[in-house]
Amino acid sequence: MKTVVVTGASRGIGRETALFFGKNGYNVIVNYCKNEKAAKEVCEALENAEMFCADVSDRKAVDAMIAFAEYRFGRIDVLVNNAGVAEQALFSDITEEMWDRIFDVDVKGVYNCTQAALPNMIHYKSGRIINISSMWGITGASCEVHYSAAKAAVIGFTKALAKELGPSGITVNAIAPGLIDTEINGELDAETVNALVDETPVGRIGTGADVAETALFLASDKASFITGEVISVNGGFVI
């Protein structure tokens with residue numbers, strides 16, 4: 001059985017991704033930071049999953065998680081860098097602390113997890129790294145400058161690392177979701193959601209499953225010749 005590590009897997013896109021991989025024959029490391037109960041529920045829904053508490057911005061915690069994954073399942077075939085935080089604020093109101101927190105989790109977290117998992121992948125000359133960015137990393141979003149900048153950094157990271165790791169048999173791709181039905185977006189008011197749906201050609205909000213299906217494809221042998229790409233799962237909102 002192949003093994004996937006999914007960060008931020010206790011809710012939203014990460015939860016759906018962990019469930020999709022687990023139900024398609026993968027061993028799953030369910031990473032979480034705070035919501036132990038939700039992470040446990042994901043594990044209980046799967047036959048071969050283990051949960052691990054680690055703040056992805058903390059390198060020591062990440063190293064411990066990757067070491068556990070290797071000890072428990074032997075190798076890491078797929079890493080899904082999904083853990084992230086988001087918030088809305090006028091640029092003039094973004095404090096240094098707010099800026100650093102977004103970049104620590106959304107960018108440094110990707111760096112930490114990827115660098116920690118790479119030795120195992122390089123040893124086997126095989127691996128899939130899938131980074132969850134955002135459509136706002138492509139186009140930018142008003143009142144989300146720090147979030148947009150962080151998600152744009154993830155795209156640059158993806159494209160550069162894909163070139164570096166190709167000779168080692170490792171692909172690196174990103175997914176840029178649009179408006180997805182998650183707890184974070186659940187905080188948006190109905191007027192805002194309706195306006196965003198109106199701007200989405202397919203006329204609906206995306207689901208975690210829409211993103212999870214894409215990640216599962218990118219992890220498969222069918223996607224072995226795809227690397228350095230940003231797959232937009234946004235219903236046509238950004239083309």
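Tutor: Buried means under 20% relative accessible area, exposed over 50%, and partly exposed in between (1.4 Å probe, protein chains only). This is a predicted model, in which local features need pLDDT of at least 70 and side-chain atom pairs count only at pLDDT 80 or more, while totals for chains, interfaces and linings use all residues. Residues are numbered from 1 along each chain as its sequence is written, and side-chain values use heavy atoms, leaving out hydrogens and water.

Student: Is Trp99 buried, exposed or partly exposed?

Tutor: Trp99, which lies in helix α4 (residues 96–124), has a relative accessible area of 30%, so Trp99 is partly exposed. Helices (H or I, at least four residues) and strands (E, at least two) are DSSP runs, numbered from the N terminus.

Student: Where does Thr7 lie, and what does the side chain of Thr7 reach?

Tutor: Thr7 sits in the loop between β1 (3–6) and α1 (12–23), and with a relative accessible area of 2% Thr7 is buried. The Thr7 side chain reaches the backbone nitrogen of Asn82 at 2.8 Å. Leaving out residues up to four places away in sequence, Thr7 touches (heavy atoms within 4.5 Å) residues including Asn31, Val80 and Cys113.

Student: How many residues does the largest nonpolar core have?

Tutor: A nonpolar core is a set of buried Ala, Val, Leu, Ile, Met, Phe, Trp, Tyr and Cys residues joined through side-chain atoms within 4.5 Å. Here the largest has 29 residues, and Phe21, Val28 and Val30 have the most contacts inside it. Helix α8 (208–219) is one of the elements that each supply at least two residues of this core, and α8 gives the most, with five residues. A second, separate core of 26 residues includes Val105, Ala117, Met121 and Ile170.

How values were computed
A polar contact is a pair of N or O atoms within 3.5 Å; within protein, one must be able to donate a hydrogen and the other to accept it, and residues adjacent in sequence count only if both atoms are side-chain atoms.
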